[in-house]
Amino acid sequence: MRGPAPKPTAWRRAEGNRGKRAWNHDEPIPPEGIPDCPPHLNEAGREEWYRLVDALVEMRVVTIVDRAVLAAYCQAYGRWVEAEEKLKETPVLIRTPSGYVQQSPWLTISNRQMELMGRYMAELGLTPASRSRIVALRNGPLNGEPVPKVEFVVIYEDKEGRKMEKPLSGDGPAIPHEPSDDPDQKRYLIDGRL
């Protein structure tokens, strides 16, 4: 895959879709909730799960359907801790029965688990750099919440060259068009360039 991983649609909506790329308007919205800790995690993995799960749910990064990615991170973390504990008991370099010197298998396991942890940490926003690329969902009319009012208007130029707007329904007079700076007043304009 080329380039950075695509951002989730919710993040793009919260940012205002700066790239102007279309998104899936029918994307499913996951239910909120705290996922259960999987029973297969070792002790260190379970401790990491309970250390993170509430904070990630509060940050609105993890929902109940994201259990697997958080479990995968915690499993990699648990295996990394186990490998590091074994490395304390054994040397980093060992001599094989044939006389060759090689690195300890525990070092290989530790390094591989750190790589996996890094991938999952980026997905979950667990590093300062990855958090800087994540925009948390704001409170407001997102994710299926009702929008208080939607107003469709047609914007056109009259004979004198003034920008005018008229309700799309045709009810009401045409008035001079003045763009609003109020972020709470969202208007969807149809200007003849669909």
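Predicted model: local features only at pLDDT ≥ 70, side-chain atom pairs only at ≥ 80, totals over all residues.

Colleague: Fine. How many helices and strands does the chain have?

Modeller: Five helices and six strands.

Colleague: And in what order do the elements run from the N terminus?

Modeller: The order is α-α-α-β-β-α-α-β-β-β-β.

Colleague: What share of the residues counts as buried?

Modeller: 24% of the 194 residues in the chain. The accessible surface comes to about 14200 Å², and carbon and sulfur atoms own 54% of that.

Colleague: What about contacts between residues 24 or more positions apart?

Modeller: If you take the contacts with a separation of 6 or more, 48% of them link residues 24 or more positions apart.

Colleague: Let's go to helix α3. Which aromatic residues form a cluster?

Modeller: Tyr73, Tyr77 and Trp80 make up one aromatic cluster. The structure holds two aromatic pairs. In one of them, the ring centres of Tyr73 and Tyr77 are 6.4 Å apart, with the planes at 35 degrees.

Colleague: Why is that pair called tilted?

Modeller: Planes under 30 degrees apart would be stacked and over 60 edge-to-face, so 35 degrees makes Tyr73 and Tyr77 tilted. Tyr77 and Trp80 are tilted as well, at 5.8 Å centre to centre and 50 degrees between the planes.

Colleague: How are they spaced along the helix?

Modeller: Tyr73 and Tyr77 are four residues apart in helix α3, about one turn. Tyr77 and Trp80 are three residues apart, and that is also about one helical turn.

Colleague: Is Tyr73 buried or exposed?

Modeller: Buried, with a relative accessible area of 4%.

Colleague: Switching to charges. How many salt bridges are there?

Modeller: Five, with a side-chain nitrogen of Lys or Arg within 4 Å of a carboxyl oxygen of Asp or Glu as the rule. One of them is back in helix α3 (residues 67–89), where Glu85 and Lys88 sit three residues apart, about one turn. Their closest N and O atoms are 3.6 Å apart.

Colleague: How accessible are Glu85 and Lys88?

Modeller: Glu85 is partly exposed at 40%, whereas Lys88 is exposed at 66%.

Colleague: What does Glu115 pair with?

Modeller: Arg112, with 3.2 Å between the closest N and O atoms. Both are in helix α4 (residues 105–124), three residues apart, which is about one helical turn. Glu115 has a relative accessible area of 46% and Arg112 has 36%, so each of them counts as partly exposed.

Colleague: And what about Asp158, buried or exposed?

Modeller: Asp158 is buried, at 18% relative accessibility. Asp158 forms a salt bridge with Arg162, the closest N and O atoms being 2.7 Å apart. Arg162 is partly exposed, with 48%. Through salt bridges that share partners, Asp158, Glu160 and Arg162 are joined into one network.

Colleague: Last topic. Which residues make the nonpolar surface patch of about 270 Å²?

Modeller: Val92, Leu93 and Val101. Leu93 belongs to strand β1 (residues 93–95).

Colleague: Why does Leu93 count as exposed?

Modeller: Because its relative accessible area is 54%, and exposed means over 50%.

Colleague: Great, that covers my list. Thanks!

Methods. Residues numbered from 1 in each chain as written. Heavy atoms only, no water. Patch = residues over 30% accessible without salt bridge, like charges linked within 9 Å, V, L, I, M, F, W, Y side chains within 5 Å. Areas by Shrake-Rupley, 256 points an atom, 1.4 Å probe, with all protein chains shown as cover. Helix = DSSP H or I, 4+ residues; strand = E, 2+ residues; numbered from the N terminus. Buried < 20%, exposed > 50% of the residue type's maximum accessible area, 1.4 Å probe, protein only. Contact = heavy atoms within 4.5 Å. Phe/Tyr/Trp six-rings, centres within 6.5 Å; stacked < 30°, edge-to-face > 60°.
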